[in-house]
Amino acid sequence: MSEATPVIEARGIYKYFGAITALEDVNLRLMKGEVLGVVGDNGAGKSTLMKVLAGMYPPNKGELLVQGQPQRLRSPRDARDLGIEMVYQDLALAGNMRIDENIFLGREHTRNALGFIPLVNHKLNAVRAQEHLDRLKIQVKSVNQRVEELSGGQRQAVAIARATALHAQIVIMDEPTAALAIKEVRKVLDLIKDLRNSGIGVILISHRLDDIFYVCDRIMVLFHGRNFAEAPLGKTDRNEVIGWIMGNKSKENVSAGMPLS
Ligand SMILES: Nc1ncnc2c1ncn2[C@@H]1O[C@H](COP(=O)(O)OP(=O)(O)O)[C@@H](O)[C@H]1O
Ligand SMILES: [Mg+2]
């Protein structure tokens, strides 16, 4: 596999829900250490595309390649085994459990009691969780804190820590800053930059163009379930992107100040 092989590539993806065509001939490529912003109006197909990449929905047609190899993902578990992790909008954390338990939930370090019964090694989990949070420069009072005691931004950070705790190569985030206070948004975006710098490919869905322009390397626009436009961030600007989101390719017709923040 060369440096130019996408870490994940979707080719000609179709997804139907009954009579609705959610995705129509969609292509996507993500490179190692790249942050790809995926934008589009409500219903454009962003979340559906991410769920196809994360193994939640089988596409009706089309091909997925992971590190250049064709793959069929039958479940999120299949995706995870290939290093594809998704941070869900509702985060899917267990509020009544501790931070370290959440980070390794279902994937705990074990020790053998009586030499053969695998038991969760809580001490090792706590140590590994703290090391991982340190690596990500995520600050919490203690890994023993329950997730329900954390702020929205800290929860998002824990969800990202969970997604990257093992061998993630690709992290997909669907609106990770939507529910956050302004001062917490920057921290999450900086965390995404750190992931990128460590070689992880990130796909970020956001309707906040400020977030997209702060953290992404490239942007791709879906419109009515189809690829509409794509550009490196340096080659476009907010107005053009707003136009694309509305299905408009001529810059002149776009007025500034659309309610997209
Ligand atoms: N589980 C589902 N069942 C039926 N229709 C769905 C389902 N998920 C998404 N859709 C439809 O597919 C289209 C794309 O939705 P979605 O991917 O959620 O868009 P976005 O995330 O860009 O807002 C919409 O028309 C939506 O109503
Ligand atoms: Mg969505």
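This note goes through a predicted model point by point.

1. Conventions. Residues are numbered from 1 along each chain as its sequence is written, and chains are lettered from A, with ligands numbered from 1, in the order in which they are written. Because the model is predicted, local features need pLDDT of at least 70 and side-chain atom pairs count only at pLDDT 80 or more, while totals for chains, interfaces and linings use all residues. Helices (H or I, at least four residues) and strands (E, at least two) are DSSP runs, numbered from the N terminus.

2. The α5/α6 pair. Helix α5 covers residues 152-164 and helix α6 residues 182-197; they pack at an angle of about 15°, with axes 9 Å apart. Axes here are lines fitted to C-alpha atoms, for helices over the stretch in contact, and angles run from 0 to 180 degrees between N-to-C directions. The two helices are therefore roughly parallel (under 35 degrees; over 145 is roughly antiparallel, 65 to 115 roughly perpendicular, the rest oblique).

3. From α5 come Gly152, Gly153, Gln156, Ala157, Ile160 and Thr164; from α6 come Glu184, Lys187, Val188, Leu191 and Leu195. Contact means C-beta atoms, placed from the backbone, within 7 Å. By class, the contact has five nonpolar, four polar and two charged residues. Nonpolar covers Ala, Val, Leu, Ile, Met, Phe, Trp, Tyr, Cys and Pro; charged covers Asp, Glu, Lys and Arg; the others, Gly among them, are polar.

4. Helix α1. This helix, residues 46-53, is mostly covered, with eight of its eight residues buried. Buried means 20 or more other C-beta atoms within 10 Å of the residue's own, exposed 12 or fewer, and partly exposed in between, with C-beta atoms placed from the backbone. The buried set includes Lys46 and Lys51. Gly55 follows α1 and has a positive phi, near 85°.

5. The core. The largest nonpolar core has 74 residues, and Val171 and Ile172 touch the most other members. Such a core is a set of buried Ala, Val, Leu, Ile, Met, Phe, Trp, Tyr and Cys residues joined through C-beta atoms within 7 Å. Beyond four places in sequence, Ile172 contacts Met50, Leu53, Ala54, Met86, Val87 and Ile203. Of these, Met50 and Leu53 are also among the buried residues of α1.

6. Two buried aspartates. Asp100 sits in helix α3, residues 99-104. It counts as buried because 27 C-beta neighbours lie inside 10 Å. Setting aside residues within four places in sequence, Asp100 is in contact with Asn125, Ala126, Ala129 and Val143. Asp211 is in helix α7, residues 209-215. It is buried too, with 23 other C-beta atoms within 10 Å. Apart from residues up to four places away, Asp211 touches Thr177, Val185, Leu189 and Ser206.

7. Most residues other than glycine have a negative phi. Asp25 has a positive phi, near 55°. It lies in strand β2, residues 20-30, and is partly exposed, with 14 C-beta neighbours inside 10 Å. Glu175 also has a positive phi, about 55°. It lies in the loop between β9 (170-174) and α6, and is partly exposed with 18 other C-beta atoms within 10 Å.
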